[in-house]
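Let us walk through this model one chain at a time.

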Amino acid sequence: MCGIVGLYLKNPALEERLGELFEPMLIAMTDRGPDSAGFAIYGDEYDGGVKLTLQSDEPAYDWAVFAERLGDALGGVDGWFRNANAAVFKLACDEKQVRDWLKHHTPELRVLSAGRSIEILKGVGLPRDIASRFNLKAMRGSHAIGHTRMATESAVTLQGCHPFSTGLDLCLVHNGSLSNHNWLRAKLKREGIVFETDNDSEVAAGYLTWRLAKGGGLTQALEGALEDLDGFFTFAIGTRDGFAVVRDPISCKPAVIAETDDYVAMASEYRALAGLPGIQSAKVWEPEPARIHVWERDGAKVEAA
Amino acid sequence: MKTYDLSSASLRELNQSLHDVDPTISEREWRIVSPNGAHNIACGLDADISVDIEGHAGYYCAGMNQKASVTVHGNVGVGVAENMMSGVVRVKGDASQSAGATAHGGLLIIEGNAAARCGISMKGVSIVVKGDIGPMSAFMGQAGCLVVCGDAGEALGDSLYEAHLYVKGHVASLGADCIEKEMRPKHVEELGALLRQAGLDEDPAAFRRYGSARELYNFKVDNASAY
């Protein structure tokens, strides 16, 4: 069992309160996943290059020294800030350039996310503790997705925490378990996708990365996932402009959507949505199995797969 | 009327109070406010009382119900009225998967839609759904009736035993060993009575009946040599 939550704000006036609205949703899913938690938050858009969330296992890591080294090597850092054991960097260069430099000079750092808008923060522990470690409630932005984990297929480690980055401004959270992940991981490795763990959800993320690199967009990649992934899943996929929800055809992993004029919210269980403003008059329903539900700035769409 | 507010009272306290009811001396009308999607609300009732839940309920709402009449003024999560024995459970909104699972008796009415596996392994319950039902509904249904005024999803009645299925709308596909059957007068009568009990103004003649072809579960003498 795991819990997943997503909140997309249609009303920009609420953006100041994204973290405050989203934190209780994440914590409400503690019963479904008490061993780790994480979230991806979209906002604070940076158009000058790439924004990366980096993480260190060393609590006293000297990010200021690192920032100086990185700036010297890559022609300056446009901005950076530290958040607990993670730090967000804005750099006026492309993603590959930074990743190559990091790989050679600071292999001890982990890249949790890359893009213009996304920041991924996660860790082992109770959702309440993870949210408070990163001060989630004070965060602002347009949308967020989150995950509370009850590990079934692999160890309780930071590497096994969700969300998993699947490309620029893209990430995935998963409730369920995949049964063909070993075979699929081997296949994707041959295609050049790199995996850090033996986690099944990381394979789903790797699969989307691989499909998206082939072109065709998110909907097509998710159609492929419905075809090629065997097992139980409800996925929420964060995109730069919104989020998508997909359930496998058997749909034993739950999902509930609530929509008002102000927001679209999804969660594994209604309990997580119960505290949202105006929820009493929201339209509340279950997303259909084997359909791709997408909410983005240009409106909602549901596609048959 | 006795009112419980689940934003302040504990769920266990509520359910214990409902179990302790003696209908000859206790309050027979109960109202539950701020359910906020909590699981296991009004489970295991065994008295002729009426319970109104004002909002969305979580999993297993009114599970194992006997005698009581429970109305949910909202949606319900997984397994509403699962293993119900008698009484009436009415859902004003939608029901998640496995509504009425394994239920032996009573009447479950869903005024919205029901998701996958509605009436899975039903054993005598009557289920009336005003909207649509999801895939794999009435899977291994042994006895009872499932009435659907809207459409049915894939694999309706897979591995069906003797449950009676009535669908007014489109059936996406029938499961293994489920076939369409003739509506005989006794079926029209049975369906008409259920629609009346559910308070629905529908014409029984507009429905089609589905049932077991009895090819899967009946022992066939032709197979005797296999044993």
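How many helices and strands does the secondary structure of chain B come to? The count is 2 helices and 11 strands. Helices here are DSSP runs of H or I with at least four residues, strands are runs of E with at least two, and both are numbered from the N terminus. This is a predicted model, in which local features need pLDDT of at least 70, side-chain atom pairs count only at pLDDT 80 or more, and totals for chains, interfaces and linings use all residues. Residues are numbered from 1 along each chain as its sequence is written, while chains are lettered from A and ligands numbered from 1 in the order in which they are written.

Along its sequence, chain B reads β-α-β-β-β-β-β-β-β-β-β-α-β. Its C-alpha atoms fill a box of roughly 60 × 45 × 30 Å along the principal axes. In chain B, 52% of the 227 residues count as buried. Buried means 20 or more other C-beta atoms within 10 Å of the residue's own, exposed means 12 or fewer, and partly exposed lies in between, with C-beta atoms placed from the backbone.

Now chain A. It is divided into domain 1 (2-43 + 129-304) and domain 2 (46-116). These bounds come from an automatic or database domain assignment. The centres of the two domains, taken over C-alpha atoms, are 25 Å apart. Each domain of chain A gives 8 residues to the contact, where contact means C-beta atoms, placed from the backbone, within 7 Å.

Next, helix α2 of chain A. Which residues of α2(A) are buried? They are A:W63, A:F66 and A:L70. They lie on the same side of α2(A) because they cover an arc of only 55° around the axis. The arc is that of the directions from the helix axis to the C-beta atoms. On the other side of α2(A), A:A64, A:V65, A:E68 and A:D72 are exposed. Cover for the buried residues of α2(A) includes β4 (77-83) and β5 (86-91) of chain A. Just after α2(A), A:G75 takes a positive phi of about 80°.

Note on methods
Two residues are in contact if their C-beta atoms, placed from the backbone, lie within 7 Å.
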